[in-house]
Amino acid sequence: NTFMPYEFSRACRRVSARLYNVIFSREIVYTVEEYEDTQHNDLYAAVELHLSDLAAATARRLRLTQHSKAASLTCSLAESEGLVDVFKGSKIHWDFSTIEQTQAISFSRETVPQTRRLLHMRIHRRDRAKVMSEYIPHVISNAKALESDRRERKLYTNAKSTGWWSYRKVWESIPFQHPSTFSTLALDPILKQKIIDDLTEFKNGEQFYKEAGRAWKRGYLLYGPPGTGKSSMIACMANLLEYDVYDLELTEVRSNADLRNLLLNIGNKAIVVIEDIDCTLNLSERREKRKKDESQAQPGRGSEDKDQDENNKLTMSGLLNFIDGLWSSCVSERIFVFTTNHIEKLDAALIRSGRMDMHIHLSFCGFEAFKVLAKNYLKLKDHALFEEVRAVMEEDGVCMTPADITEVLTRERRDAEQALICLIEGLKASKINKKVQEMSEQKSRQGKESLEEDEVTEEKKQIEPAATRSDESGKKVEAEGQASENGMPSTKEELHAQVKDP
Ligand SMILES: Nc1ncnc2c1ncn2[C@@H]1O[C@H](COP(=O)(O)OP(=O)(O)OP(=O)(O)O)[C@@H](O)[C@H]1O
Ligand SMILES: [Mg+2]
């Protein structure tokens with residue numbers, strides 16, 4: 001410093017370093033800094049995540065981090081530590097370093113940390129093009145995949161919409177931790193495989209949907225009696241695809257605008273669920289009820305608000321647009337699942353292909369499905385009583401839902417044989433119950449018909465002269481006599497007695 005001014009020595013160093021690089025070194029060094037000005041550099045986070053596993057396996061000094069939202073730990077290189085990543089035959093050297101900043105001045109609201117973190121990538125000159133065009137995109141996509149694996153999945157439900165102030169937070173969430181997976185789901189193996197294949201194809205189908213010009217979304221309608229595993233299957237889907245679940249409670253949605261707002265706040269990689277759609281879909285009835293409630297609550301409100309009410313309603317077309325309108329295509333990788341116990345009650349427009357692409361019927365437990373339950377609940381792969389279970393299950397009229405069966409197996413799980421005996425008894429009883437139910441339904445149907453006949457006769461009585469009337473009533477008594485001679489039991493006890501002792 002005494003003999004050579006600082007500026008001159010710095011210029012000399014620069015020139016000599018450049019000359020050395022040009023003449024001798026074949027390396028190129030890229031630096032990825034955590035913050036560029038005050039902006040967080042996404043590439044830094046991607047590289048750190050990409051190198052995490054490699055660092056854990058090869059580096060000797062590491063930093064361990066647990067982010068509040070991440071499910072697992074992240075390993076990263078410690079100060080001055082390095083590693084070598086190999087990509088398509090090229091070696092990529094990564095080193096980590098930090099620079100202590102004496103002062104961090106920030107004019108924006110974001111604060112810049114005092115320590116600047118840097119990752120240096122050293123590559124051979126000949127690999128420059130390959131690294132830029134292939135390696136860096138590979139690092140980014142790998143980091144994305146890792147991030148979705150590691151992040152904690154959420155179960156969202158729509159908050160009650162009470163007015164404009166609730167727009168800011170339309171979904172409330174808790175961590176999604178349902179243990180149901182396709183290996184624990186009792187279902188016919190062929191159907192199960194078909195569903196898994198369909199879901200996997202959907203997840204990997206970004207290119208296909210783009211080329212076909214379709215929005216990257218798919219709809220599943222799950223229908224069947226209560227307790228056949230519809231809700232469980234949604235959990236299985238979420239666990240297989242690693243998507244968040246948005247459980248949409250339609251009864252809390254006031255208008256189409258609210259519904260659209262909810263839709264816009266759903267991220268990608270999401271399963272949007274509407275449970276028991278047949279119960280929540282009676283939109284017109286619900287609307288009337290709400291209007292009535294509101295007018296009761298505010299008696300001053302009169303017809304001048306009618307027009308406004310018309311605009312503030314949830315309609316079927318609003319729901320159809322929610323599923324496949326233009327707005328629904330804004331975010332990709334989304335699955336819609338509706339469940340119902342009564343598919344016949346649903347509007348054909350709602351369940352047409354394109355909205356509900358796959359209709360999945362979940363029904364009573366078959367033998368193959370039972371084997372899955374026996375394995376999960378009793379740890380049994382085979383047993384001497386299995387054949388008897390199969391025989392009873394295949395008998396006509398035997399029907400137990402997986403939920404009923406899991407109840408028996410849970411109760412008797414300490415003694416597997418006892419559990420199977422109870423199950424066989426339960427299956428046999430279900431047959432009797434079903435017959436009793438059918439017969440009582442038949443009887444109530446007949447009762448209704450005869451009531452209608454009575455009404456017709458009553459009307460006739462009023463029209464026809466008295467002489468004819470006596471004839472008709474005579475015939476009717478005769479007909480009733482025949483019905484009881486046919487042996488139709490009149491009380492429930494009689495029905496039971498007949499079924500047990502035919
Ligand atoms: N297919 C199945 N495999 C394994 N367990 C099942 C299955 N179906 C039902 N269960 C068990 O029964 C319970 C109830 O099932 P679930 O809630 O999935 O039925 P659901 O079809 O959604 O009924 P609902 O129509 O009443 O909503 C679950 O907690 C699960 O333990
Ligand atoms: Mg359910």
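The shell around ligand 1 in this predicted model comprises 6 nonpolar, 7 polar and 1 charged residues; Ala, Val, Leu, Ile, Met, Phe, Trp, Tyr, Cys and Pro count as nonpolar, Asp, Glu, Lys and Arg as charged, and the others, Gly among them, as polar. Of the 14 residues around ligand 1, those that come nearest are P226, G229, S231, P402 and A403; a residue is near when its C-beta atom, placed from the backbone, lies within 6 Å of the molecule. Domain 2 (154-298 + 306-361) and domain 3 (383-500) each contribute at least three residues to the shell, the bounds coming from an automatic or database domain assignment. At least two residues of the shell are supplied by each of α6 and α14 (402-411), helices being DSSP runs (H or I, at least four residues) numbered from the N terminus.

Helix α6 (residues 230-241) also packs with helix α4 (residues 189-203), their axes coming within 11 Å and crossing at roughly 45 degrees. Axes are lines fitted to C-alpha atoms over the stretch in contact, and angles run from 0 to 180 degrees between N-to-C directions. The arrangement of α4 is therefore oblique to α6, since angles under 35 degrees count as roughly parallel, over 145 as roughly antiparallel, 65 to 115 as roughly perpendicular and the rest as oblique. I196, L199 and K203 of α4 meet M237, L240 and L241 of α6, contact requiring C-beta atoms, placed from the backbone, within 7 Å. These residues divide into 5 nonpolar, no polar and 1 charged.

Helix α14 packs with helix α12 (residues 367-378) at an angle of about 30 degrees, the axes lying 10 Å apart; α12 and α14 are therefore roughly parallel. On α12 the contact involves A369, F370, L373, Y377 and L378, and on α14 P402, I405, T406, L409 and T410. This contact has 8 nonpolar, 2 polar and no charged residues.

Residues are numbered from 1 along each chain as its sequence is written, while chains are lettered from A and ligands numbered from 1 in the order in which they are written. In this predicted model, local features need pLDDT of at least 70 and side-chain atom pairs count only at pLDDT 80 or more, whereas totals for chains, interfaces and linings use all residues.

Technical notes:
Two residues are in contact if their C-beta atoms, placed from the backbone, lie within 7 Å.
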